[in-house]
Amino acid sequence: MQPSRVFVVGSGVVGTATGMGFRAAGNTVTFIDISVPRVCDLRAQGLDARTELDLASEPDSFIFLTLPTPNAGRGYDLGAFAAGSAAVGRALAGSSARHTVVVRSTVAPGTTEELVRPVLEENSGMTAGDGFRLATNPEFLRAVSAEEDFSHPWMTVIASRDPQAVAQLRALLAPFGGEMRTFSDPAEAEFVKCAHNIFNATKISFWNEMWLVAREIGLDLDPIAATVAKSAEGSINPQYGIRGGAPYGGACLPKDTRGFLGYSDAIGVDMPLLQAVVETNERLENVVKQEVEAAGKAASGITTA
C-alpha cells in the first residue's frame, strides 16, 4: 500500500495519538495547531508541526479534524470546531488536489452535514463530493493509552455519503486491524460515538448507585458486581437489549425494578437512575400501546382526527 499524505488539525491527546499512529505506519503526517507552545513541543520531538494548514502544493490528502468539542452546560461548544473547519475550507480553496476531510472529534449526530459541510463549502467555494470528499471516523481512544488504542483498535467506524471516501478510509485504516463497520450516513457514526460514551457513563453511574445501597446495608459491592458481570445476560451477551422500541417485560424485570425502588426508599437511599429506568420503560410501553392501537384502527378503516 502506498503511503498517504495526512494532516491532523488539532493536536491534543486525540490528534497527537492519531498523527503518531499514522506516522508509525509509514504515512507522511503534518500536525496543525493554533497553540504555538504545542507546535514547538511537537517540533522538538522531530515532528512536522505548523500553526496553519497550507494545501497549495500538496497532493491528494486526508485532513483529520481532531478539534476540541467541550460541553457548554447541556450542549456542545463547537466554537473551536467551527473555526478549525473554516480554516480547512480556506486551505481547500488554494488547492487543486482532491482532499478528504474526516471528522474525528466527538460531535452530536448531524454535525458533519449540518455544520462542517456548509462551513467547508462556504470557505472553499467548492461542493462536497465534487471539490472535496467528506467523511466521519470517530475515535475510541482512552486518554491514558491513546497511542496504543489507535495502533490496535477494537472497533473502527467510517461513514460517508461518498463511497469512494469510505473505500479510501478503509484502505488507510485497515492495516491497524480490529473490526471495521461502515455507514452511508455520517450521523450514524456520530451517534455511535455519543452512545458509546453515554453507555459507559451510564454503566458507571449504575454501579455507583448500587454501591450506595450496598454501603448502607454493610455489604462489599466489589464481589457482588464481579459476579453480576458474569451472570447477567446484559453483560455477557452483546446483543441483549439493544433493539430500540421494545420495552422490557416478563415477570422478573418489571417486578424487581419496581420492588427494589421500594426497598431503597425503605433504607433511605435515593436511586434516581433506577427511577429513570422504570419511567423510561413505562413511557415506551405507552408508545407501543398507542402504535398498536393506531395500527388496529388503520386496518379497520377507522380514521382519527
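This is a predicted model: local features need pLDDT of at least 70, side-chain atom pairs count only at pLDDT 80 or more; totals for chains, interfaces and linings use all residues.
View 1. Helix α3 provides the largest share, with 7 residues. Sorted by class, the lining of the second largest pocket comprises 19 nonpolar, 13 polar and 8 charged residues.

**View 2. The crossing of helices α10 and α11.** Two packed helices are described by the angle between their axes and the distance between the axes. Here, helix α10 spans residues 252-266 and helix α11 spans residues 272-300. Their axes come within 10 Å and cross at roughly 145 degrees. The crossing of α10 with α11 is left-handed. On the α10 side, the residues in contact are Thr257, Arg258, Phe260 and Leu261. They meet Leu274, Gln275, Val278, Glu282 and Glu285 on the α11 side. This contact between α10 and α11 is made up of 4 nonpolar, 2 polar and 3 charged residues.

**View 3. The largest cavity and the residues around it.** The structure holds 2 cavities of 30 Å³ or more, and the largest cavity contains about 150 Å³ of space. It is lined by 15 residues, of which Arg104, Phe150, Pro153, Met155 and Thr156 are the closest to its centre. Helix α5 (146-151) and strand β7 (155-159) are the elements that give two or more residues to this lining. Strand β7 contributes the largest share, 3 residues. In terms of residue class, the lining of the largest cavity divides into 10 nonpolar, 2 polar and 3 charged residues.

**View 4. The second largest cavity.** The volume of this cavity is about 40 Å³. Its lining is formed by Val103, Ser105, Val107, Thr136, Asn137, Pro138 and Glu190. By class, these lining residues are 3 nonpolar, 3 polar and 1 charged.

Terms used: Residues are numbered from 1 along each chain as its sequence is written. Side-chain values use heavy atoms; hydrogens and water are left out. Helices (H or I, at least four residues) and strands (E, at least two) are DSSP runs, numbered from the N terminus. Ala, Val, Leu, Ile, Met, Phe, Trp, Tyr, Cys and Pro count as nonpolar, Asp, Glu, Lys and Arg as charged, and the others, Gly among them, as polar. Axes are lines fitted to C-alpha atoms, for helices over the stretch in contact, and angles run from 0 to 180 degrees between N-to-C directions. A crossing is left-handed if the near helix is turned anticlockwise from the far one by less than a right angle, and right-handed if clockwise. Contact means heavy atoms within 4.5 Å. On a 1 Å grid over the protein atoms alone, a cavity is a set of points where a 1.4 Å probe fits but cannot get out, and a pocket is an open set with protein on both sides within 12 Å along at least five of seven lines; lining residues have an atom within 4 Å of a point. Grid points are joined across faces, edges and corners, and a volume is the space filled by probe spheres set on the points.
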